[in-house]
Amino acid sequence: MTFSVQVKVMPLKDLLDPQGKAVMGGLNNLGLKGINDVRVGKHITLQVDAANEDEAKKIAEDATKKLLANPVMEYFEISVN
Amino acid sequence: MEITVKTAEQLRLTAEEFELIKKKLGRTPNFNELCAFSAMWSEHCSYKNSIKWLKTLPREGGRMLVAAGEENAGLMDMGDGYGVVFKIESHNHPSAIEPFQGAATGVGGIHRDIFTMGARPIASLNSLRFGNLNEAKTQHLLGGVVHGIGHYGNCFGVPTVGGEIYFEQCYHTNPLVNAMSVGIVKAGETVSATALGKGNPVIFVGSATGKDGIGGASFASADITAESTEELPAVQVGDPFQEKKLLEACLEVIPTGVVVGMQDMGAAGIICSTAEMSAKGGVGMRIDLDKVPTRQQNMKAWELLLSESQERMLMVVEKGKEGVVQKIFDKWDLPCSVIGEVTEDGLLSFFMHGELEAQLPAEELVLGGGAPQYDRAYTEPTYLAKTKAFDAASIEVPKDLKAVAEKLIQIPNIASKRWVYVQYDSMVGTGNTSTNQPSDAAVVLAKPSDKALAVTTDCNSRYVYADPYKGAMIAVAEAARNIVCSGGEPLGVTNCLNFGNPYDPQVYYQFVHAIKGMGDACRKFNTPVTGGNVSFYNQNPDGPVYPTPTIGMVGLLDSVQDKMTLDFKEEGDVIYLVGKSYADINSSEYLQKIKGVEFSPAPHFDIEEEFALQQQITKAIKEKVIASAHDVSEGGLFITLIESSFNRNLGFEVASTDGGIRKDAYWFGEAQSRVVVTVKKDQVAAFEKTLSGATFAKLGTVTNGSVSIDGENWGNAISWKEKYDNAIGNLLAGHDSEHALSAL
Amino acid sequence: MKFGVVVFPGSNCDRDMQEALQNDLNQEVVMLWHKDKDISSFTTNDCIVLPGGFSYGDYMRCGAIARFSPMMQSVIEFANKGGKVLGVCNGFQVLCEAQLLPGVLLRNANQQFICKNVYLKGVGSDKALKIPIAHGEGRYFADQKTLEELEKNNQVIYHYCDENGNITAEANPNGTTNNIAGIRNAAGNVFGMMPHPERASSDALGNIDGQIILKTLLMS
């Protein structure tokens, strides 16, 4: 059956995120209050054919490690619907 | 924690260096101090294994305005009240780990070296080396590096106007990424990296500091936990947007006259900039590390000292003028913070929340001061015996030269690098004249002056491998030749010396002899070495990379009207070869890539012959008797001719002028000191008169597109152009994941 | 008439535009800082240019953050009063984000930044004009209805074409819809284009086709 797999890819916690920083600056300029940090990542959805949820997750994990995320700079979280 | 020789060794200091530090301080350093020495006495900052030989290079004279190594980059006089600032630097190891960010931060770093001196960067170049392009790993590295260079340079807004790329197996694990920047500064607006004046405030400007690039020291830190290791960023992330603002803010502050000295923070961050600025001014600094703007909480003293976070500068300004700086940095939304002041005691005293964390004599940390300098042993590499044993007679001259040429033009080292350079903004700044009118070196308008600069990077490392002395001379000669063929006068050199492990005597032999060759060539061409960078340890268990002493050279044109272009202009123009032909196939692409011969001597090169050739070309350009000039390099005479025909869709009909020379050497050999020029029919007599006494031969004429060699029809130039333009793109087309990666 | 060139943080073609207008077309140019708001010295006979570059690093979406700057609020008012506004490259992206022009500019079809000379067919010349592009996000996109209106009202001011002026798929450098390189608004006073006319307006660079575009759009 087909599983919808959600992959969240984010810059590593302590890594500089220039995009987040610039967006933060833009929000400040707009006068929006209360936001004290912004980090920008990616959300990728995969439709995966697999026998069960675990296998779908494993396939997605493999794909993420190989291509979707760069472990030198990013961490990821995978969830299956 | 207790500091022992073991700690020192973990920080990559030797036992002798640890003893030396204790002797200099008269005590055992604490961890912060040891980290400072580790960074400052590293190869990168101290040049400890290279400085002895670097000092033998011609490092003054000509139009140099500061001595080599004195400032962040070389500075030469252009006349009319303007100076040119330029430097090349490597980012090899970071690019091997993370090609995109490694290359991007390499570009960012070299531009900072230029604008920290008060100059506005006007052109970027680069010199790249990768392994075999058929391999997925190489394609990944190439894609990432090119994307990174483009990402940073395009956003920062400096055009990438030139460069070179070679693919050789020896770079498979150790790619080389060398980036060069060229800037223009008005006389009187240059800034020195010197701290002066007791009580003057020390100001930190630019991005907040994080724990970037301090992996080595972190490893040695005793109290590091498994969890914190995972968090430590192994790579530095570049932010070209931030650097663009930093550039504009710095160039706005300088004309206010309040800046005493400024240095960018690159390798070894705060410790390096404070030590070098203080040592140069013969002063010290008191720094409150807790006043440094940080991106992460609870950073330790040694982390702040060593962090290599990008886009930061250290500035010393006149006391009481802090507000002037603050106002400008506020305007650009950049952090700006007074972190200390200049002292007279020659000591760097670092405090954190009032506690003294480290106290060191600035002078003892720096190159030229207390940093060690070593004599390394060297011995002739064993492979050179194989090189010398090569006999060209063992290679049969191919019957079908056209088939050889068709292969040759598609070798990635020779084929068009279009796939790469369309990803770089080569035109921002509206100064790059080579977009519409190509020449051997890129010719860039040196705005706001009325002059122009010819800039190039060159190094055929296979020649250097075959003969380090001669190969390095050829690198300098080719750079000068490219500038001369573009109508420029060679001014000076910046070098990026990429070698293997200096503790290997065979590698060190390559280094020593390359330096000797470079020095002799630079003296001959009157192009002093204004600075540069040494990158050792480009080596893995399979061996070192080819010795790669990349030459970045800058030449001057009094007016862009003096420029010479490389393309054939019109059907009927007469084609000449200036310089002598030789029966030489040594170290050519033809011999190595098509015949599969790995070891052969460097190609023919005689420095007097080269110098005379360049004088003749300069004369021919000045007297306006030639319509195009393109030097013979990789791929030999045929490739030079076909490249000259592309821009205007023309062709050529030529015949070899010396029947005694084997045909493969005549058309594909890479003997140096040759230039193909074209002459208008009605200027033939004038041209031959101008070059009387020189060696030159009439090859044939420019056609409207057909290519004919020795009476044989070789088809139309357009079909050659298609092969030339698409060879690299076709190789990469099968590799879609590169596209997917950049899509992410 | 006079020209205003807006400087955003990250603009990098602002000086190029200034030089082209000042030195090549002999026009008066005022630089406008993004944090300022006052453009009361500009009348609707004048013209404001949003230059190329990477305003705010092009983070998030190109032009998305710049669009909210104080100066942009004045530029929007100026455009609504009928003043001429030209956005080049990043400036075009800002104009779309600000909804002064319809549609959006997406990532190039090949996912790469592209810098090269291309040819344009459109206002001001019967011949194809040689002009450089330099962008990563230049693939124009709008819904079908908008596209039909643009073509019907002659609002597409430039199409990518080949050297001979033929609008072909091969001449489309970035996968843009219908070879669209530049558009104007319905009122005809706001122009956006991805190619850089200011990079092709001086003899020293060997190409002055860009002068035709700047003169046609802004000075006629």
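Hi everyone, let me start with a definition: a residue is buried if 20 or more other C-beta atoms, placed from the backbone, lie within 10 Å of its own. By that count, 59% of the 220 residues in chain C are buried.

A word on the source: this is a predicted model, where local features need pLDDT of at least 70 and side-chain atom pairs count only at 80 or more, while totals for chains, interfaces and linings use all residues. Residues are numbered from 1 along each chain as its sequence is written, and chains are lettered from A in the order in which they are written.

Staying with chain C, we have five helices and 11 strands (DSSP runs, H or I of at least four residues for helices, E of at least two for strands, numbered from the N terminus). The C-alpha trace of chain C spans about 45 × 35 × 30 Å along its principal axes.

Now, what does chain C touch in chain B, and with how many residues? Here 28 residues of chain B are in contact with 28 of chain C, contact being C-beta atoms within 7 Å. On the chain B side, helices 8, 11 and 28 each supply at least two residues, and helix 11 gives the largest share, four. That side divides into 11 nonpolar, 13 polar and four charged residues (Ala, Val, Leu, Ile, Met, Phe, Trp, Tyr, Cys and Pro are nonpolar, Asp, Glu, Lys and Arg charged, the others, Gly among them, polar).

Last one, friends: among contacts in chain C between residues at least 6 apart in sequence, 74% join residues at least 24 apart. Thanks!

Notes:
Buried ≥ 20, exposed ≤ 12 C-beta atoms within 10 Å, placed from the backbone. Contact = placed C-beta atoms within 7 Å.
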